[in-house]
Amino acid sequence: MANSTSKTVYDIFQSMEYGAYSPSTAATARAWLERHSYSLGFFMDGKFVCPVDRQTHTVTDSTGGTVCSVICAKDEDISSCGSSASAGFKTWSELSGHRRAKVLLRLASTLQRYTQCVSELCDLCQSPCSLPALIRLTQYYAGWAQLQDTLMPEWIPRGVVAVVVSDDCSFHSIWLKVLPALAMGNAVIMVPGVKLAPPTLLLAQLFMETALPAGVLSVVTGDTSVGARVAKNNQISYLTYSGSQQDGEVLAKQTAGWGLTISLCLSVSAECPFIIFESADIDSAVDGVIEAAFKKKKDWQWVLCVQESVLDSVVSRLKLRITGLKCVPLGSESDRTLVDVAVQDALQQGATLIQSCSPPASGALYPPTVLCGLAPPSSAAVSPPPGPLLPLLSFRSAAEGVALGNRTPHGQAASIWTEDLNLALETAKSLCVGSVWVNSHSVMDPSLPQCGRRDSGNCTDGGKEGLYQFLRPSPSPALPRSTPTSLDYAAFGTTASGFMVPEGFDPSSVTCSCSQYVGGKLCKADSGCSRTVQAPGGAVLAHCPDGGRKDVRNAVEAALKVQPGWLRKSPAARALSLYSLSDHLEKRRREMAASIQAQTGLSMEEADKEVELSISRLSDWAARCDKQSGGMPPLPQTGSALSAPEALGVVGVVLPDAKPLLSLVSLLGAAVSMGNAVILVPSEKYPLPAIDFIQVLQASDIPAGVVSVITGRRNQLTQALANHSEIQAIWYWGSLEGCQFLQHTCSSPLKRLWLHCEEVEGNDGGKYWSHSSPSLQEEMWREAVVWKSVWIPTA
Amino acid sequence: ILSNCPALHNLEWVSKVRVNTQAVLKRAQQVQGCKVAKKQWQAAWLLKAVTCIDLTTLSGDDTPSNVHRLCMKAVQPVRHDLLKSMDMHDKGITTAAVCVYPSRVADAVKSLKAANSSIPVASVATGFPAGQTPLKTRLEEVRMAVEDGAMEIDIVINRTLALTGQWAALYDEVRQFREACGHAHMKTILAVGELGTFTNVYKASLVSMMAGSDFIKTSTGKESVNATYPVAIVMVRAIRDYYLRTGQKVGFKPAGGIRTAQEAVVWLALMKEELGNEWLSPHLFRLGASSLLADIERQIYHYVTGRYAAYHELPMA
C-alpha cells in the first residue's frame, strides 16, 4: 500500500487507474470468531459443543492466512447428534405450519440484523453469499411452511434429513436445501465442507434467536468421510448431497444398501453451453460470457458455442474485452497444473488462445483465457479444468448449435443469446438441461425449480417442486433402514438363464407359451430361454420368455425411436390414447380378472375389483395428461419465467408382486401420460396379468414401442436396466439387495431411482395401490417428470 | 449536392443491428458499480472530468457578459490555490471547449482571444435543438458559425429521417453538414430521447459515424430524456463496432442532465470499461454540462481542505 498512497494526483491523472480499495477488515466476523477462540466445534441440541481430542482442519482466507479451525466429527459425535435431531424432529413436526413459518420469518429478520457479520464471515471463508438472496429464500419457504397444512395435507415430513454440501458449492446452496426441509417439518443435520463450516455455524446460532426447538438444526463438521458416516446413522431418513461429481459418486456407493433415500445435486462440475446465435445482440452476449466465465468462484463451467457467421465478430470483441482483465486466483497450486496441462493439450490440438496477459510463471493465478478453435473431442471441451478457461466451439445452423449443447453428459443449465423469440423458445425446449437463460445467465430465484439432468443430479431444488424431496405421502411407507450385505456388484443378476428340461407331463392341462412385448411386437426372449409361470398351488399356468440384457437393449432402442414423437403429440392426443387403453381393458375385463385369479389365487370378486380399479386408474392418468402443467411464477425481476415439467425419456419399471395389474397400470399410466416411454418388468412371481395385459396394449392405440413388457427373472432384468445409460430412471419394487445394487450401480452414470423394498412393504396386502389418496398419484407423476425453468428477462 | 450513397454493405451492416434492451440495462448497472478509490484518485478523476467538459450555455438570455464569464471559467475552471496544493496548477487544466449558440460564437472567440487562451469555441447548429428547419438554412448556419471562428460544430440530426428509417437520406444530410464544417470538428447530436428504441440509437450512431462525424453526442439537453448510462452503452458499442470495422476512432459526448461530480466519475468509468483508457481524453470524450463544473470544484475543495465549501467561496461561471 505504501507504493500506491505515494501516487500523486498527476500520476493518477495520467494513468487513470481505479485505485485499490482497501480490503475489508472483517472486524465484525473476527469478533464473532474471537468469542469462539477461533476454534469452532459442532452445533447440536441447540448449543455449540466442542469436544476435545478431535482432529482439526484449518479454514484459510484468500491470502492463505488462518481464519479459524474446525474439528472433525467422530462416530460418537454423529450418534449423539442423531439422537438430538430425532428428538428435535418430534417437537418440530408436531408444530403447525403457521408456527414453523413464524420461526422462518423471524430468521429472515434476524439475518437482516446480522447482515454485516454474516457476509463478512462468508467473504473471509471465500464463500461469498448474497444476503438479500438468502433473506428472500427464507421468506419464500416461510410461505410454504404457512401453506403446507392447507395445500399439501396428505404429505408428511421425512424425518431427520442430512444435508451434505462440499466446499466447492456456494453457501446459498446449503440453504436451498435446509430451508425447505425445515419448512416442511423435518429436522436437519448439516454437514458443510470445511470452508462453509464457519458461516453455517454462525447461521445455526442465529436460528436459535428465532426460538427454533433444540435439535432441529445441527451442524457436524469434518472431512469428506463425515457425509458417509452421518448417512449410516439410522436416525436419518433422507440424505441430499450438493457438490462435485466424483465425491457424489463415492458417497452414493458408500451409502448403498443402508436403506437411505439419497439424492445428488452435482451442479458444481457441470459443463454448461453458452450459445450465441447470429441473431444475438453480440455485444451484450460477449459481456455476458466474460462476466460468467471469468469469475473467481464460478458456479458452472461454461463452454462457449458460437454460430459460424458471427464467429469473427464475437472473437474480435472477446479480444478487446479481455484485455485489461486481471489474473484470476485459482483454488490451489494443483489447479494450476491442471490448467497448464489443459492449455498445452489444447495448443497441441491446434487451438489458439485469447489471453488478457501471459500467465505468471507459477502460482495459483491464471489470466482469463479463451481457447479458440477447439473441437468437441478435445479434453478441454469435454471436461473443462477449473480456472478461468473458456473453450470456444463453432456451429453452422441453429439445430447444430442445440446438438452441440446437448452433447455432454451434464444437464444443469444453458445460456442462449438471440433476439429471435421463436428460436429462443425452440432452443430452450430442445436443450436437455434444467435451467435455460435467454439473453442472460446465472439468474436464480427461489420460486423456480433447479433440476439437473443426466449426470448433473437427480433432485429438484427450489420452488414448490423442491419441497417434495423432503416429504412423502402419508400412506406411502418410507424405505426401511438396513445394513448393506456384502454384495458382489459385478455378479448381481448375471447368472445365465438355462433352457428347460422336459420333466413329466400332465395331459389334463395344456400350458400355452406366452410372448413378451418389445417395440410393439410379440417376441420370445433373445436368448430363446423361457420359464414357467406357476399358480400359488404350484400348477404350471404358462411358459413365459426369460428375458435378459439384449431384450432390454431392443426395448430401449424401440423406445428411443418412438418417445420423442409420443412427447410431441399434444397432451390431448396422449389422453385419447390412454382412454383407449382403459376402454380396451374394460372390454377384456373378464379375461383379466380370470388371469389375476389364476395367478394370485384371489377370489373372482376381488380380482374383478382390481380390474375395475385399474380401469378407473388408467382413466385418471388419461385425464391428467393435459392437466399437469408448470406455470409462470411471479418474479421480483422484470420479464417472464416459465417452469414446466418435461418427460424423463425412457423409464424402467420393476413391478411389485402386490396387485399385479393395478400396480402395473398405475405406474404405466404415470410414466406414459407425462410423455415417457416405459419398459415394464412384471413381477417374477405373478407375471400372468402383465402378460395378458399385452393384448390390451396391442389393441389400444398407444404407439408401438412406448410400452414394452419384458418377462423374466427380476435380478437379471434389474441388472440389465441399470446398465443401460439411455434409461433415465428406474422405479423398483423388490429386495433389499436389489435396492443396494441399484444405489451402487446407478450412481454413475447417474439415474433417478425410486426404490421400494417389498420384503417390508409387501405385508399390507397391496393397500398402497388401491388407496385413493391424491398424494399417491401426485407422487407418481412427480417421479415421472423433470423440471425445466426458462428465463426470459425483459426491460 | 452530394449524394454518395453509402456502400451497399454499410447499409446492410446498419440493418443487421440487434440490441437487447434488458442486457444493456444490466450492463449499465454493472458499470455504475465500478468504484474509484477515494482521496487523490477521486481528485485526479474529477480533474480529468474537468478537462473533458464542454462548458456550455445555451439560453435565450445569453449576452456577451455571461458568455465572457463562462469563457473565463473555462480558462480557470478550478481555483488556482486548490490546483496548486495538488501540484496541478501547471498541468494545463482547462475545460475542453466552450459551447454556445451560433450568434454568441463571435463573443466567445473574442473573450478567449483576449485571455490568450487556445480553448476552442464550439457552436450548436442546424436548427438546434429540433432540427426542424429547411436543410438550406441549416447548412448556412453551419457555415456562418465556422466563419465566426467556431472550431467545433455540434449538429443535430433530422429525427424524422431516423424514425422513418431513411438511413441513406440521413447519411446524405450528415455528409453535407460534414462538408459545410470544413476543418471544424463535427459532433453529431442524436437526440436519443426522441429515437424510440436502442436499436434506432445504434443505427443512427453508425450512420453518423459513416458520414464522417468526429464525435457522436447523446442529446441536446432540451429533450425530456437526456444522457442515460444505458443509451451511452449502446452508443459506445457502436463506436467500438465502427472502430473494429474501419480502424477509425470516433469520440463520444454525453450531454444533458449531468450535474454531479459522482456522475462525472461514472461517465469516465463507463468509457474506460467499454472503450479503454484511450477514450479518457478530450480528443475522444467530452461531457456537455453547465452546472457540473461547480459541483466538481466543490468536491475538489473538499479533498484539498477537508471542508465543504459555501457557494460564495467559489467563483461563479
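**Close-up views of two open sheets**

View 1. I216(B) stands opposite F252(B) of β7(B). Strand β6 (residues 215-217) of chain B pairs with β7(B) in the parallel sense, over 3 bridges. Pairing requires at least two bridges found by DSSP. Strands (E, at least two residues) and helices (H or I, at least four) are DSSP runs, numbered from the N terminus. The model is predicted: local features need pLDDT of at least 70, side-chain atom pairs count only at pLDDT 80 or more, and totals for chains, interfaces and linings use all residues. Residues are numbered from 1 along each chain as its sequence is written, chains are lettered from A and ligands numbered from 1 in written order, and side-chain values use heavy atoms, without hydrogens and water.

**View 2. The 8-strand sheet of chain B.** This open sheet runs β7-β6-β5-β4-β3-β2-β1-β8 (chain B), with parallel pairing. β7 (251-253) and β8 (287-289) of chain B are at the edges; each has a single partner strand, so one side of each lacks a neighbour in the sheet. On average, neighbouring strands of this sheet are turned by 25° against each other, direction ignored. Axes are lines fitted to C-alpha atoms, for helices over the stretch in contact; angles run from 0 to 180 degrees between N-to-C directions.

**View 3. A helix across two strands.** Helix α6 (residues 105-114) of chain B lies across β2 (97-100) and β3 (121-124) of chain B. α6 runs at about 170° to β3(B). Contact means heavy atoms within 4.5 Å.

**View 4. The 3-strand sheet of chain A.** The order of this open sheet is β24-β28-β27 (chain A), with mixed pairing. β24 (512-513) and β27 (530-534) of chain A stand at the edges, each with a single partner strand, so one side of each has no neighbour in the sheet. β24(A) and strand β28 (residues 540-545) of chain A run parallel, joined by 2 bridges. C512(A) has A542(A) in β28(A) as its bridge partner.
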